[in-house]
Amino acid sequence: MNAPAVTPPPGAPVPPRRRGWRWWQVLLLLLLLILLVLGGGVAYVYDLTRPPAAVSGNEKQPYTLEVKPGDTLMGAAERLQQAGIVRSGDVLRTIMRLRGTAGRLREGYYDLPVGLDAFQVAERLADTPRPRIRTVTIPEGKRLKDLPAIFAAAGLGDAAGLKTSLNDVKLSRYARGTLEGFLFPATYPFRPEVSSKDIVNTLVTRMEQEFTPERVATARKLGLSVNDWVTLASMVQAEAANTAEMPTIAGIFLNRLKVNIALGADPTVAYGLGKDLNQLDRSAGDFTKDTPYNTYTRKGLPAGPINNPGEAALLSILNSRRTTATGKQALYFVHGLDGKIHVNSDYASHLRDVARYR
């Protein structure tokens with residue numbers, strides 16, 4: 001049975017009623033909670049945009065991002081995160097999307113210095129990258145056997161493919177038996193994916209640009225086929241101490257061919273024996289060992305080019321100097337210890353200069 005309600009006597013104080021939360025107080029509390037959550041989230045996201053800290057004991061180094069054909073922004077961002085360039089690949093992608101630059105990533109190399117934040121990395125990726133090429137320089141006078149190592153050092157081609165292509169004489173209209181002599185020495189830009197055959201074909205094509213109709217006609221007037229011309233130029237390339245000497249040495253070789261004197265070129269002997277020039281040993285009979293390239297035991301041109309000559313050597317054959325300072329036919333030369341080339345028309349004078357300057 002419920003007790004009857006007690007009515008306070010007249011004049012007694014009324015106890016205060018407990019009040020609930022008013023709507024605006026609830027809303028204010030919710031707003032405060034949202035701001036706290038958002039504030040923490042903003043701080044967290046901001047932290048993800050900062051440059052990553054260096055790992056203890058490891059100095060950070062500049063990084064180059066290579067973007068290949070078919071690469072995506074997602075993949076590139078993940079690689080940058082894994083490399084420690086950005087803290088979050090997702091944040092980097094979001095920044096670029098918000099800026100409208102997500103579609104600007106291009107094939108090439110992006111150079112990223114140390115200490116960039118995510119916003120700065122995003123700016124770099126929106127710029128034009130360096131072309132994605134690798135350059136390789138083939139020095140004048142290098143032999144065919146030297147080229148695989150040069151391309152390997154540049155990260156181009158593959159050993160087996162280069163060996164096959166460098167021996168594919170069908171790539172040249174003028175080569176015989178080997179491509180030696182028909183691979184033009186120069187600096188070439190190649191895409192990293194270039195095939196070994198395309199590498200070799202590029203060098204051959206560049207060499208054949210030297211064989212203009214006018215030059216070929218001049219060589220023929222000298223009694224030289226294109227192969228003969230290149231062979232003689234390779235000998236000049238090997239013998240000359242500098243470009244200025246080349247026309248003189250070319251003239252001596254042409255004169256010797258004309259009067260049927262053995263060319264007597266040491267570099268051809270070395271080539272025929274598979275040696276470098278400084279490996280020749282006269283006491284071991286190297287100069288008397290007969291090979292198709294020994295221009296002491298055989299008259300006329302060797303069997304083919306002995307290296308890959310440059311343009312200066314090729315042109316020296318077509319623009320040779322064939323006389324001595326006194327106007328006589330030049331037939332002999334010697335490089336003196338005085339740094340000069342001494343030219344003579346007779347053997348006795350040549351021996352005198354050998355004794356005097358060597």
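1. Helices here are DSSP runs of H or I with at least four residues, strands are E runs of at least two, and both are numbered from the N terminus. On that basis, the protein chain has 13 helices and six strands. Bear in mind that this is a predicted model: local features need pLDDT of at least 70, side-chain atom pairs count only at pLDDT 80 or more, and totals for chains, interfaces and linings use all residues. Residues are numbered from 1 along each chain as its sequence is written, and side-chain values use heavy atoms, with hydrogens and water left out.

2. Some whole-chain numbers. The protein chain has 358 residues, and 39% of them count as buried (under 20% relative accessible area; exposed is over 50%, partly exposed in between, with a 1.4 Å probe and protein chains only). The accessible surface is about 20800 Å², with 55% of that belonging to carbon and sulfur atoms; the areas come from the Shrake-Rupley method with a 1.4 Å probe. As for contacts (heavy atoms within 4.5 Å), take those with a separation of 6 or more: 61% of them link residues 24 or more positions apart.

3. On to helix packing. Two packed helices are described by the angle between their axes and the distance between the axes. The axes are lines fitted to C-alpha atoms, for helices over the stretch in contact, and angles run from 0 to 180 degrees between N-to-C directions. Helix 3 (residues 89-99) and helix 4 (residues 118-126) have axes that come within 9 Å and cross at roughly 60°. That makes the pair oblique (under 35 degrees is roughly parallel, over 145 roughly antiparallel, 65 to 115 roughly perpendicular, and the rest oblique). The crossing of helix 3 and helix 4 is right-handed, meaning the near helix is turned clockwise from the far one by less than a right angle, with anticlockwise being left-handed. Helix 3 contributes L92, I95, M96 and R99 to the contact, while helix 4 brings A118, F119, V121, A122, E123, L125 and A126.
By class, the contact of helix 3 with helix 4 has nine nonpolar, no polar and two charged residues (Ala, Val, Leu, Ile, Met, Phe, Trp, Tyr, Cys and Pro are nonpolar; Asp, Glu, Lys and Arg charged; the others, Gly among them, polar).

4. Helix 9 (residues 226-239) packs on helix 10 (residues 246-259) at an angle of about 130°, with the axes 9 Å apart. The two are therefore oblique to each other, and the crossing is right-handed. From helix 9 come L232, M235, V236, Q237 and E239, and from helix 10 M246, I249, A250, F253, L254 and L257. The tally for helix 9 with helix 10 is nine nonpolar, one polar and one charged.

5. Helix 9 also packs on helix 12 (residues 311-318): the axes come within 8 Å and cross at roughly 115°. That makes helix 9 roughly perpendicular to helix 12, again in a right-handed crossing. W229, V230, L232, A233, V236 and Q237 of helix 9 meet A313, L314, S316, I317 and L318 of helix 12. This contact of helix 9 with helix 12 holds nine nonpolar, two polar and no charged residues.

6. T231 lies in helix 9 and, at 1% relative accessibility, counts as buried. Leaving out residues up to four places away in sequence, T231 touches L301, P302, G304 and P305. A160 sits in helix 6 (residues 159-166) and counts as exposed, at 54% relative accessibility.
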